[in-house]
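Here is a short report on one protein model.

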Amino acid sequence: MTVLLGLMCQDGVVIGSDSSATFGAGTVSTIEQPVKKISIIENSIIVAGTGQVGLGQRFRTVVQDLWDRHIFSKEKSYIDIGKQLCASGISDFSFTRANQGAYGALVAFPYRDKPYLCELSITDFQPEFKDTNMWYVSMGSGQPITDPFLGLMRRVFWKNTIPRLNEGVFAVSWALEHAIDVNPGGIKGPQQIAVLANSSGNKLAARLLDDSEIAEHLDSVQGAEAHLSKYSEIISGKNTKDAPDLS
């Protein structure tokens, strides 16, 4: 059980996840424990996955190998890099006859000084890049919770544009907190959030946010929820100054 979120922002990429892993014997779940679901490769690439843990371990070695062979700089386009991620991952999985639909991933990487966010679907592992038309994605068992939540945030905050990085981290943090609060089981904190953005020297770099940075955004989430709760005074008629005309 998991939830992954990815946002393509004006100035970078944000990827977030919960921290819960479920162990089981056959169809029976046994225990849950916190695990690391987001990996940083060479301070440049973010990899997060949903599905079988073993396939995720193998896919991270696939991405590392592609980096070591300079695929992320040699390919003619970012689309070609996406195809390499897909083909190399499927080739590795098929070596042990892994079932299709057992693993999906989000990968953020730099290419020619620009950040890219690639979704590798859990259904067929085919690459899809996020852009200004569809700039967010969620995966995992929490997707039915986070997709409509992100859709609402897009309509309210970013109708005709995409968020800046700091706004994107806020959106991911809020969506994760919502999923952790209301899910029927298997999605738990603490949140994990990574960003691919310009660092010192104006070079794109990938890193995990520390606990204090995530706590700051969670404070903003609490502030936003408190602000929204005050709207009930308008609806109930307690604050007649700003009450909408319902006649």
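E119 sits in strand β8 (residues 114-120). Strands are DSSP runs of E with at least two residues, helices are runs of H or I with at least four, and both are numbered from the N terminus. The model is predicted: local features need pLDDT of at least 70, side-chain atom pairs count only at pLDDT 80 or more, and totals for chains, interfaces and linings use all residues. Residues are numbered from 1 along each chain as its sequence is written, and side-chain values use heavy atoms, with hydrogens and water left out.

E119 counts as buried because its relative accessibility is 14%. The classes are buried under 20% relative accessible area, exposed over 50%, and partly exposed in between (1.4 Å probe, protein chains only). The E119 side chain makes a polar contact with the side chain of K130, at 3.0 Å. Such a contact is a pair of N or O atoms within 3.5 Å; within protein, one must be able to donate a hydrogen and the other to accept it, and residues adjacent in sequence count only if both atoms are side-chain atoms. Not counting residues up to four places away in sequence, E119 touches A105, L106, Q126, P127, E128, K130, V137 and M139. Contact means heavy atoms within 4.5 Å.

Leaving aside neighbours within four places in sequence, A179 is in contact with I145, T146 and I187. The C-alpha atoms of A179 and I235 are separated by 26 Å, and these residues lie 56 apart along the chain.

What does the whole protein look like? It has seven helices and 12 strands. The radius of gyration is 19 Å, close to the 18 Å from the globule rule for 247 residues, so the protein is as compact as a globular protein of that length. That radius is taken over C-alpha atoms, and the rule is 2.2 Å times the number of residues to the power 0.38. The C-alpha atoms fill a box of roughly 65 × 50 × 35 Å along the principal axes. Of the 247 residues, 44% count as buried. Among contacts with a separation of 6 or more, 60% come from residues 24 or more positions apart.
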